[in-house]
Structure formats: C-alpha cells, structure tokens
Amino acid sequence: MDWGTLQTILGGVNKHSTSIGKIWLTIMFIFRVMILVVAAEEVWGDEQNDFVCNTLQPGCKNVCYDHFFPISHIRLWALQLIFVSTPALLVAMHVAYRRHENKKQLRKGGQTCEYKDIEEIKLQRFPIQGPLWWTYTSSIFFRMIFESLFMYAFYFMYDGFQMPRLVKCNVWPCPNTVDCFVSRPTEKTVFTIFMIAVSAICILLNVAEFCYLLMKVFLKKSRRAASPRHHPNHETKEESKQNEMNELMSGSCQNTVLGLQNS
Amino acid sequence: MDWGTLQKVLGGVNKHSTSIGKIWLTVLFIFRVMILVVAAEKVWGDEQNDFVCNTLQPGCKNVCYDHFFPISHIRLWALQLIFVSTPALLVAMHIAHRRHEKKRQLTSGHKVDIEELNKQKVHIQGPLWWTYTCSIFFRMVFEAVFMYVFYVMYDGYQMPRLLKCSAWPCPNTVDCFVSRPTEKTMFTIFMLSVSGICMLLNMAELCYLVIKLCMKAPRKLATLK
C-alpha cells in the first residue's frame, strides 16, 4: 500500500470529476506526491543524522532536535496529501452505491439483456447532479479545509516557512545555551516554499471548481424558472417554425370562420 | 508477500461485505497501512541508532534499548493490522466453499454459466451470517487486545524523551534519550484514534447485522401466518 495504490484508487474518481477536478488530481500527483517521493524525501533523509550541536553532552542533540522539529516536514506533507485525497473517496462511494442500485433494478426487471446492460452500468458516467452534486461539493469543501488546516499547522509549528540555519537550544540536558546547526536549510526552504505554492494553487483550483459547480446549479435553476413561459420541451428551429405556421394557419382559419359567421 | 498482496486478498472479500464493512476496509488500508508504510516506518527507522545514553560503557545502550522497547511500535502495528485483517478470510473461505458446492450440484445437472456463478454476490444470510458476525467479533477482540498490549507495554501512549536505565552493565543509573519522541507520540495517538474508529465501525456493523436479523424474523412469521 503506497502512493501508487492511492493513485489507482483516485484514478477511478477522475472519470466523474469536472475538468478542473481532473487538473487538480494531475497537479496533486505530479507536483506534490512525485516531488515528495522523488526529491523531498532525500533532502530530509539525513535531517537528524546531520543535525549537529556544539556540545559533547550526550542526549543534547536528540532533545534539541525533538524540541525544534516536533514532526518532520515530510511526515506533515504525507499526512496532508492523504487527508486531502480522501474526500474524493466519498464521491467514489456514492458512485459505487448508485451503480449497485441500478444493477439491483435491472436484475428485478428483464433478464434477457442483463449481461450487456451491466457492462454499460459499469462504464456509465454519472453527471454531477442531484445528491451527487452535494457529495461532490462537500468533498471539495473538505479538501479546502484540510489544505488550509495543514498550511496553518506548518506556519504555526515552524514560525513561518523558512528553515533557519542555526537554532539556539537550552533544553535539559544541554548545558546553558547550545548552538545547533540544521542540515541543508536552504534546500529545505526552497522545497517548503515550492510545496506551499503548489498547495495554494490546489486551493485556488478547488475554489474555482466550487464556484463553477455553484454557477452551474444557479444557471440551471434560472433556465428552469424562465422556460415555463415558452414550450416546456426544447424545440428545434424547424419545429418552432412549423408551430408558428400552424398557429398562423389555425388563426387564419378561425378568422375566415369568424368572418363567414360575421358576414 | 507484502501489504499489496494482503490488499488484493481482502479486496475480494469486499464484494460481499456490508457498506460499513467496505468503509472499514478503506479506513484500514488508507489511514493505517498506508500511514504505516509511508510515514511511521521512517519515524521509527533510526530508533536504535539515535537512542543515545550518557555513558561510555559498552553494551549499556543495547541493554537499555532492549529493556525499554521489548517490541517496536512498528512491529506491533504490523502484527495488529495482519491479525485484524485475517478474520475476513473466514468469510472468503465460506463463500468459496459455497460456490464450490453450487458448481458441483449444477455441473452434474444441466449447463450453467460458471462465470456468472463466480461473479454472483452472495447475501449475508443463514450460515454466512454467523461466519460474518464471528469475523467481526474476532476483529474487535484483536483490536482491543493489541490496544491493551500497547498500553501495558509502554505505560500509556506517550513516548518519553528521557529514560533512566539501571540495567547491567550500565553503571548506577544512566540517562538515555529517545530519538524523535514528540513525532512518535503524535503517530502513536493517530494510530490509536484510527484503531478506535475501526472498532466503532465494527460495533456499528455488528449492531446492523443483528438488527437486520431481528427485523427479518418477525416478517417471516407474518408471511407464514
């Protein structure tokens, strides 16, 4: 069970996402998971080994490292990526539930075309309407919440996004104040800023997707409100012309009848 | 044989589970196995290397580490996840047995679409209900036992920063410092919470199955009348 499996699971959700959702998923896996696995893990790989304190006091380095890095950036990012990916599973579960209901209905109905129809049900793409719209919108909302929470946790825990070169430690058993030097601080700062930037881009994409879904619903509702004045079904131009002609003809017939009656 | 293989094996059971069972399986693999593999194993990776004791006495560090960490958290979690996953195999075995019996009965008679038989979803009724309920019961027992073992072995769920060790050959009492105690405490609490959530899901599933049975029994009596 690793990032590849998570990608397989989320790939299934991709089919039912909006275009913005698909872009978000691509950015997630290429610019975040892949960067984490391929680059960031190696930058932070020697973080405790090469954390050096100017003291011979045994235990001081351990304690200072623990004091300044309660949870490593890599682990926080891994947790962030897992938590941010999981709301999409709500959508996957909803789609699976709907398919299951469709299959049940089919089985209760006819038995002749069963096999082909079940294959169609499996390949069917559900449009984002009704209850699925609510599930999808909730998943986007939770994604945004998790992203923001983790960005805030990062900011709060490390007093900003910059990795200092030197930290002054006076936790027991360190004698008085001890200078401790962080391993690869500039590279770590660069990667931290990169991951924060991509995280912000993902939040913007989520906001855009959220607005898009809201607008879609409002536009539909306003179209439905406007359409009862005209014919309820969408007509082609030819049909509407034919209808106009029919009305004119029936109108002229009525006039001639009335005309005949009047005369 | 690794976590991926276990996931494939349990994925087959998933088809015959209730909805709560499917959620439980997802939580198990994403929030427990994945976190273990992707994050926790690295936090505990250097646990003995960076376990430092304030002494020059050879062997003291080894002895103290062994005294305070009889079995590493990572190994206990791996065992817990394996034990908790395996009752689901009882269900898989029962279903395989049923299919085998059906094939035997039907192939002796007329032609049957074996592919359809393989894909058919078996309902949780009769003997399968008992097997399924037993598997959930055992899952809960294993979860509880491991949570208790953790608590007893490590005197709670917090990883201390400093341990005072007086095991031979350490001279008198020696201060030993644990590597990454805060990060380890956070992950221990996280894994414990998810374990608690899994237990609640199991309880909910058990109640759902019992209620389902209780509701079916009066309906059957009504139809007989």
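In chain B, strand β1 (residues 52-53) runs antiparallel to β3(B), and two bridges join them. The model is predicted.

**Exercise 1.** Find which residue of β3(B) is the bridge partner of C53(B), and which is the partner of C165(B).

Solution. 
- Step 1: start from β1(B), which is joined to β3(B) by two bridges. The partner of C53(B) in β3(B) is C176(B).
- Step 2: turn to strand β2 (residues 162-165) of chain B, which pairs with β3(B) in the antiparallel sense over four bridges. Here C165(B) has V174(B) as its bridge partner in β3(B).

**Exercise 2.** Give the strand order of the open sheet in chain A and identify its edge strands.

Solution. 
- Step 1: the three strands follow the order β1-β3-β2, with antiparallel pairing.
- Step 2: β1 (52-53) and β2 (166-169) of chain A each pair on one side only, and they are the edge strands.
- Step 3: two bridges join β1(A) to strand β3 (residues 178-181) of chain A; V52(A) has F181(A) as its bridge partner there.

**Exercise 3.** Determine whether K221(A) is buried or exposed.

Solution. 
- Step 1: K221(A) lies in helix α8 of chain A.
- Step 2: its relative accessible area is 55%; exposed means over 50%, so K221(A) is exposed.

Key: Residues numbered from 1 in each chain as written. Chains lettered and ligands numbered in written order. Predicted model: local features only at pLDDT ≥ 70, side-chain atom pairs only at ≥ 80, totals over all residues. Heavy atoms only, no water. Buried < 20%, exposed > 50% of the residue type's maximum accessible area, 1.4 Å probe, protein only. Pairing = 2+ DSSP bridges.
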